[in-house]
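Open the model in your viewer and keep the selection panel at hand. The stops below go chain by chain, with one interface in between.

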Amino acid sequence: MAVDADVVRLRRGDLNALSELITRYQNRLYRYLLRIVRQPAEAEDLFQQTWLRVVEKIRSFDASRNFDAWLFTLARNLAIDHLRRIRPESLDEPLANSWHSENVADRISSKDHTPLDHALAAERRTEISEAMAGLPMIYREVLTLRFEDEMKIEEIAQVTAVPVSTVKSRLRRSLEQLRYALEARYPGGTWQ
Amino acid sequence: MNEHDKIRELLALAVANALTSAEEKQVAEHVRSCIACSNELEAWRPIASELRRLPTPQPSSWLVQATLARAEAKFTEQAEHDWNHRLMIIVVAFAWLLTIASWAVFHVVSGRFERLLGPQFSHTWISFAAFTALEWLAGGVAAVMLAIRQRGERRLA
Amino acid sequence: MSRFTKELRVIPEAAWIFAWFAYSCLTVWLFFFVAPKDPEMAKLPRWGQALLVYGFFLLMVAWVALIGYIYGDAKRRQMRYVMWTLLAIFIPNAIGMILYFILRDPLPKPCPGCGHVEKAKFPFCPRCGTLLQPTCPKCDKPVEPTWANCAYCGQQLPEPATRATQNPSVAT
């Protein structure tokens with residue numbers, strides 16, 4: 001795997017490898033952090049801190065291990081520590097404002113069903129984003145890792161430090177809660 | 001009824017592709033004959049597909065650069081730190097080797113000057129200990145003086 | 001090139017020459033002329049004596065090389081290299097050397113404006129005034145790239161890539 005070669009180079013002290021790794025993971029890592037903390041500025045700060053942590057610990061990282069899982073685990077631990085310090089309640093409860101800057105009033109008015117397919121699709125995406133933002137953190141996390149990142153269940157188990165069976169049950173419950181939230185918020189809409 | 005409930009539980013995981021192949025076969029078979037469960041499965045699909053197609057949030061354009069700058073600085077700092085650490089271990093080991101070697105030298109040298117020191121003195125452990133203690137004392141005094149001087153200089157800067 | 005070999009180059013040639021020359025002389029003298037006559041040494045087999053003499057004096061070579069390293073290293077770090085070299089030589093049991101490695105200054109970088117090398121801790125070049133390292137916008141103390149806030153006055157710092165390395169006081 002190409003990624004592993006970069007990791008090996010980084011362990012040997014090649015700074016170019018660091019640049020390539022950061023660029024390669026930028027979207028995935030940022031997206032994961034954003035889903036957890038739900039604030040872009042904090043996600044960016046945590047992004048930087050994660051890479052600083054990587055630099056600190058890369059020497060003791062066994063290159064034959066899965067770098068993805070290790071990276072995301074570091075990010076996760078930093079994000080949870082951050083939330084514990086700043087907004088401990090957000091670890092369980094839904095956030096009052098979702099990370100979308102859309103006005104709630106705008107949302108309601110645009111519910112006049114437009115016939116355009118892509119407008120409908122965009123609307124569905126927004127609805128799902130907002131519903132997801134309202135879920136507890138461990139549910140948001142497993143949804144983003146499975147669907148947005150397409151991570152394997154075993155990898156998710158490594159990152160979240162729980163057994164595979166727990167990942168599956170979290171996945172199931174998160175989907176059920178998501179669907180319930182969608183049907184409750186947009187009754188008679190596209191989610192029934 | 002029992003089977004329905006079991007299958008229902010698997011449907012959500014089915015759209016997440018998180019089922020074992022045995023479970024997948026089970027679901028596929030059941031869905032073929034049961035309309036209700038088939039509809040349920042179809043109700044799950046849009047959720048899964050929209051989740052997969054959520055737009056990737058974009059970070060600020062300078063995030064990678066900024067992170068790289070900080071990470072590179074940390075990296076070189078860390079490399080220096082590791083190197084100094086290794087160096088110190090080597091130098092301390094060397095210092096101990098020298099201490100032990102100095103006993104041998106003392107032994108040899110004092111052997112030559114037996115008449116001055118008295119034979120018992122030149123070979124006993126006490127003399128080694130005294131010699132080493134004197135060396136370390138001299139070294140310790142010099143160390144303290146240097147450290148004080150250095151700290152004074154740093155404070156002025 | 002590994003870090004170790006890079007650092008070895010700091011040792012001046014003279015140190016190596018002196019070390020190996022002294023090594024050859026001393027070991028030859030001791031092995032061929034002193035050892036056979038010495039009552040204690042003669043107890044050992046010939047290869048034991050060889051091991052003792054040649055092995056022991058390798059320590060001496062290492063010692064001279066370390067002294068040479070301290071000389072070269074202190075010089076390139078703009079420290080008082082004569083003082084440190086003497087301390088490394090005369091403080092017994094390599095305590096002087098340990099002290100040196102603990103107390104040494106960081107490596108200075110050449111000034112981008114005029115190429116002059118001065119101590120690493122100075123934020124401005126004493127010859128041409130160019131700003132050498134990013135400083136806090138509020139209190140002007142030098143700041144590290146890994147910092148998010150100034151450690152001296154608490155001011156929040158801009159991102160490292162955009163930090164000021166423009167000299168505020170260069171006469172144009």
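The tour starts with numbering and confidence limits, then moves through the chains.

This is a predicted model, in which local features need pLDDT of at least 70, side-chain atom pairs count only at pLDDT 80 or more, and totals for chains, interfaces and linings use all residues. Residues are numbered from 1 along each chain as its sequence is written, while chains are lettered from A and ligands numbered from 1 in the order in which they are written.

**Stop 1: chain A**

Select chain A and colour by secondary structure. Chain A has 9 helices and 0 strands, and its elements run α-α-α-α-α-α-α-α-α from the N terminus. Helices (H or I, at least four residues) and strands (E, at least two) are DSSP runs, numbered from the N terminus. Of the 192 residues of chain A, 35% are buried. A residue is buried if 20 or more other C-beta atoms lie within 10 Å of its own, exposed if 12 or fewer, and partly exposed in between, with C-beta atoms placed from the backbone. Of the contacts in chain A between residues at least 6 apart in sequence, 66% join residues at least 24 apart. Two residues are in contact if their C-beta atoms, placed from the backbone, lie within 7 Å.

**Stop 2: helix α9 of chain A**

Select residues 164-185 of chain A. This is helix α9, with 22 residues; from first C-alpha to last it reaches 31 Å, close to the 32 Å expected at 1.5 Å a residue. The expected span is 1.5 Å times one less than the number of residues. Which residues of α9(A) are buried? They are Val167(A), Lys168(A), Arg170(A), Leu171(A), Ser174(A), Leu175(A), Leu178(A), Ala181(A) and Leu182(A). Look down the axis of α9(A): its buried residues fall within an arc of 160 degrees, so they line one face of the helix. The arc is that of the directions from the helix axis to the C-beta atoms. On the face turned away from the buried side of α9(A), pick out the exposed residues Ser165(A), Tyr180(A) and Ala184(A).

**Stop 3: Asp149(A)**

Go to the loop between α7 (137-148) and α8 (153-160) of chain A, where Asp149(A) is found. Asp149(A) counts as buried because it has 20 C-beta neighbours inside 10 Å. Show Arg28(A), Tyr32(A) and Thr144(A): leaving aside neighbours within four places in sequence, these are in contact with Asp149(A). A distance drawn from Asp149(A) to Arg172(A), C-alpha to C-alpha, gives 17 Å, and the two are 23 residues apart in sequence.

**Stop 4**

**Stop 5: chain C**

Buried residues make up 22% of its 172 residues. Colour domain 1 (3-103) and domain 2 (110-172) of chain C separately; their centres, taken over C-alpha atoms, are separated by 41 Å. The domain bounds come from an automatic or database domain assignment.
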